[in-house]
Amino acid sequence: MDSYVAHANIDHYFNLLTVEGITDRNRDTIVKLMIAEEDKLGRDLETLQFAEDRAARGRDRLNHLRRLRAAFADGSIEQARADQMLANFETTQKLMEQFCLAMRERAHSNRISRF
C-alpha cells in the first residue's frame with residue numbers, strides 16, 4: 001500500500017510539473033517532494049518499471065506536443081505559447097529521465113549486492 005501511495009504522489013507531482021507557467025520556486029519545491037517520495041521507494045524493481053512507463057508516456061506526449069507546435073504559423077502567438085509549453089515539458093521530461101536513470105542504478109546496485 002505504501003508503494004501505491006508513493007507512486008500516486010510521484011505521478012501527481014510529475015503532472016504538477018507540466019502545468020503551464022509554473023514558477024522556478026514551485027518547480028524546485030515539487031521536485032524536492034518528488035525526490036522525498038522516490039527515497040521512500042528505495043531499490044524496487046516495481047518502481048523502476050513505474051518510472052520507465054511514465055518516462056515512455058512522457059516521450060510520447062513530448063513528440064505529440066512537438067507535432068502540434070509545428071502546426072502553428074511561424075511567429076504567431078499560438079506558436080510562442082506552444083514553444084513555452086514545449087520548453088516546460090522538455091524540462092519536466094528531463095527530470096523523469098533522470099529519475100529513471102537513478103532507479104536503474106539502484107536496481108542494478110541492488111542486484112549486485114544480492115550476489
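A nonpolar core is a set of buried Ala, Val, Leu, Ile, Met, Phe, Trp, Tyr and Cys residues joined through side-chain atoms within 4.5 Å. The views below come from a predicted model.

**View 1. Leu-17, Met-34 and Phe-99 touch the most other members of the largest nonpolar core.** This core has 17 residues. H1, helix H2 (24-41), H3 and H4 each give two or more residues to the core. H4 supplies the largest share, five residues. Met-34 touches Ile-10, Tyr-13, Phe-14 and Leu-17, leaving aside residues up to four places away in sequence.

**View 2. The whole protein contains four helices and zero strands.** Read from the N terminus, the order of elements is α-α-α-α. The protein has 115 residues, and 33% of them are buried. Take the contacts between residues at least 6 apart in sequence: 77% of these join residues at least 24 apart. The accessible surface comes to about 7,500 Å². Carbon and sulfur atoms account for 53% of that surface.

**View 3. Helix H3 covers residues 45-70.** H3 has 26 residues. From its first C-alpha to its last, the helix reaches 38 Å. That is close to the 38 Å expected at 1.5 Å a residue. The buried residues of H3 are Thr-47, Leu-48, Phe-50, Ala-51, Arg-54, Ala-55, Gly-58, Leu-62 and Leu-65. Arg-54, one of these buried residues, returns in the next view.

**View 4. Asp-11 forms a salt bridge with Arg-54.** A search of the whole structure finds five salt bridges, and this pair is one of them. Side chains of opposite charge can pair when their charged atoms come close. Here the closest N and O atoms are 2.3 Å apart. The bridge links distant parts of the chain, with Asp-11 in helix H1 (residues 2-17) and Arg-54 in helix H3. Arg-54 has a relative accessible area of 7%, so the residue falls under the 20% cut-off and counts as buried.

**View 5. Glu-97 forms a salt bridge with Arg-59.** The closest N and O atoms are 2.5 Å apart. Glu-97 lies in helix H4 (residues 77-114) and Arg-59 in helix H3, so the pair ties together parts that are 38 residues apart in sequence. Glu-97 is partly exposed, because its relative accessibility of 25% sits between the 20% and 50% cut-offs. Arg-59 is also partly exposed, with a relative accessible area of 34%.

**View 6. Arg-66 forms a salt bridge with Glu-90.** The closest N and O atoms of this pair are 3.1 Å apart. Arg-66 belongs to helix H3 and Glu-90 to helix H4. The pair links distant parts of the chain, 24 residues apart. Arg-66 counts as partly exposed at 36% relative accessibility. Glu-90, at 27%, is partly exposed as well.

**View 7. Gln-98 is found in helix H4.** Is Gln-98 buried or exposed? Its relative accessibility is 52%, over the 50% cut-off, so Gln-98 counts as exposed. The C-alpha atoms of Gln-98 and Ala-55 are separated by 9.6 Å. Along the chain, these two residues are 43 apart. Ala-55 is among the buried residues of H3.

Terms used:
Residues are numbered from 1 along each chain as its sequence is written. This is a predicted model: local features need pLDDT of at least 70, side-chain atom pairs count only at pLDDT 80 or more; totals for chains, interfaces and linings use all residues. Side-chain values use heavy atoms; hydrogens and water are left out. The expected span of a helix is 1.5 Å times one less than its number of residues. Buried means under 20% relative accessible area, exposed over 50%, partly exposed in between (1.4 Å probe, protein chains only). A salt bridge is a side-chain nitrogen of Lys or Arg within 4 Å of a carboxyl oxygen of Asp or Glu. Contact means heavy atoms within 4.5 Å. Accessible areas come from the Shrake-Rupley method with a 1.4 Å probe; for residues, only the protein chains shown count as cover.
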